[in-house]
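Colleague: I am new to this structure and would like a close look at a single part, the place where the chains meet. Please set out the terms as you go.

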There are 2 protein chains.
Amino acid sequence: MTDRIREFLKNRKDEGPCLVLDLDVVRDNYHAFAKALPDTRVFYAVKANPQPEILALLVKLGSSFDVASIGETHAVLAAGCAPDRISFGNTVKKESDIAAAFKLGVGMFAIDCEAEVEKVARAAPGSRVICRIHCDGTGSEWPLSRKFGCEPEFATDILELAHKSGLIAHGISFHVGSQQHNVEAWDRALASAAAVFRTCGERGIFLAMVNLGGGFPARYLRKTPKLESYGKAIFRSLRRHFGNRIPETIIEPGRGLVGNAGVIEAEVVLIAKRSPEEDLRWVYLDIGKFHGLAETIGESIRYPIRTGKDNAEKVPCIIAGPTCDSVDVLYEKTPYPLPVSLAIGDKVLIEATGAYTSTYSSVGFNGFPPLRSYII
Amino acid sequence: MTDRIREFLKNRKDEGPCLVLDLDVVRDNYHAFAKALPDTRVFYAVKANPQPEILALLVKLGSSFDVASIGETHAVLAAGCAPDRISFGNTVKKESDIAAAFKLGVGMFAIDCEAEVEKVARAAPGSRVICRIHCDGTGSEWPLSRKFGCEPEFATDILELAHKSGLIAHGISFHVGSQQHNVEAWDRALASAAAVFRTCGERGIFLAMVNLGGGFPARYLRKTPKLESYGKAIFRSLRRHFGNRIPETIIEPGRGLVGNAGVIEAEVVLIAKRSPEEDLRWVYLDIGKFHGLAETIGESIRYPIRTGKDNAEKVPCIIAGPTCDSVDVLYEKTPYPLPVSLAIGDKVLIEATGAYTSTYSSVGFNGFPPLRSYII
């Protein structure tokens, strides 16, 4: 929460839930990454929050961009980014989208299997490709599945195919899992990456880059390690596995750049007890899983929620969204303590909601409009 | 799949995944409900698919409407519906939305706790209220949680408060759970409803209506009982619990009216094996959880998927969506058999996707546009 957001909300006239995001916080976060990892270029993961004002600020600060689609490519170019600062990081791409991005000047693509190499070779000849390897994501709040990345032992064959197909086998990428709390999580993946560098070298293919991915956490209720600790741990691992031939590195923070920059203001619509034996209250907000808070799935991310009554006694509450959908419940397995004096009509602030909220919002489920956002 | 949809897709020029919905099927479904439950009024659950053409057809056919929000109220009125054919069925409503609906002529509201009664009494004086009771949802593919509905033993107190507050205590509603396969599921809820009718009667409050809710299944891969069996079972239960004083009844089908009317056409973007030891393939489509197929959460709903190669040998596949989000996987716990000859670029048809798809779609997660729909 910043003074600028507090001031904005005080003067806001519109009705309904909204996200307010403070660009000053994004700027501070960008500088913090640059300081913690001074030799590493930042590629903002646009999917975290693609609002034009955020993209424009990051272009100005010198950031590069990780895009997931041709739609995001257009958005980043529209914000004034040069195409050579874009990495098309989705390993699942339509050939027509690869061709369209290539035509716009994009020259770096993620791949993780032979079929994807073939598509890139046809649609974006001569481009640089980064092979994504699988990483188990231990220590992350949202471990990644097997959906992306080949097993490290196949990366060399895949990169060799790229090389033989006229592409530039440029490097290795991995993702240690979103909201990663273990600063050492990069070590095992860097060991695998270094092994691929060696086996590629033996075949005369010289890789240049390691994409360290994202996973840098935003601070929710649980404490997170400082960014410097990540930077130091990663640098130690690079030294350990690459010796004095440390490759070029990039990172792809999304949540880490914008997560703590945003606050959602919502309203209490109803408070009810479902059974007189239980002390548990159901608190219904005007925002839920379908309008921005999708990341409460599995209750893994526990957003800080502030009310105007936080000094009052607190009671355990189940927090639910406003739709007629029974899945639209935010916190139930682990009830959330909220003030006993909380009342219908009270505003609540859901903090650290700058990432993965407004774009996850549905177009209009149950007739509620998508989450409105204000970038200040 | 209908000939009209097949013809439409053959001639379609646009790119990208889409939903095509055949209004003839909606019409047939409406008549099937009218036939199976001849004494019961149909209130279409707008949230299943609020496309204006669907609403306009149902207005013409004589349907009434169950709305979840003021947004859906506006949509139904815009389609030509008279406000006395609208039930505001969400038990979680802002007082300002109740007032807005009341001003538009809506006079029937769902409630399930005292706080909601107080809101309706202030914002929509003299309206009819229906008290939702909790039902355990056994037999449903998507059981409802405790989010909605009071325990039956409190319904009488809540309805008495409504009565004393100048509202018309009109009836009882419940929901047996979405995609309900057990035709007898209504029996226990009707027993509870009849008990509330009796205890209300003892206090001089005479209820008139039972809202039997939705839950009527659409046919996905699993066979569903015929609509007539539901109608007969419900009628038997009404006789059993209400004797010769059978109340007015309404139903709120959503999925049952539009589910099987729609087909999503998607494209195979990538096929990859993640490990050479496994036979399992990963098949990536250009549509996933964030762009219309949210109901694959938990893999409870298994849509029929047709390809142009269904006579070929089939192999188990994990089916995933196109986003960079590892949660965006449709079927993994129980792999889905797809043709061994399925190839990148092939079209697939995901059937029975007329309900809870287009509106669940995100506004643009990962830069992919919301699901496009065509109503024919």
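Modeller: Domain bounds here come from an automatic or database domain assignment, and on that basis chain A is divided into domain 1 (50-253) and domain 2 (260-375). The model is a predicted one, in which local features need pLDDT of at least 70 and side-chain atom pairs count only at pLDDT 80 or more, while totals for chains, interfaces and linings use all residues. Residues are numbered from 1 along each chain as its sequence is written, and chains are lettered from A and ligands numbered from 1 in the order in which they are written.

Turning to the meeting of the chains, 49 residues of chain A are in contact with 49 residues of chain B, where two residues are in contact if their C-beta atoms, placed from the backbone, lie within 7 Å. Helix H4 (70-78), helix H6 (114-123) and strand E12 (262-272) of chain A are the elements that give two or more residues to the side of chain A that touches chain B; helices (H or I, at least four residues) and strands (E, at least two) are DSSP runs, numbered from the N terminus. Of these elements, E12(A) gives the most, with 4 residues. By kind, the residues on this side of chain A divide into 25 nonpolar, 14 polar and 10 charged, with Ala, Val, Leu, Ile, Met, Phe, Trp, Tyr, Cys and Pro counted as nonpolar, Asp, Glu, Lys and Arg as charged, and the others, Gly among them, as polar.

The two chains are related by a rotation of 180 degrees with 0.0 Å of shift along its axis, which superposes chain A on chain B with an RMSD of 0.0 Å, and that is the relation of a two-fold axis. Such copies are superposed by least squares on the C-alpha atoms of residues with pLDDT of at least 70 in both. The same surface serves both copies, since 100% of the contact residues of chain A recur in chain B. Among the residues of chain A, A:Ser362 comes closest to the rotation axis, its C-alpha lying at 2.0 Å.
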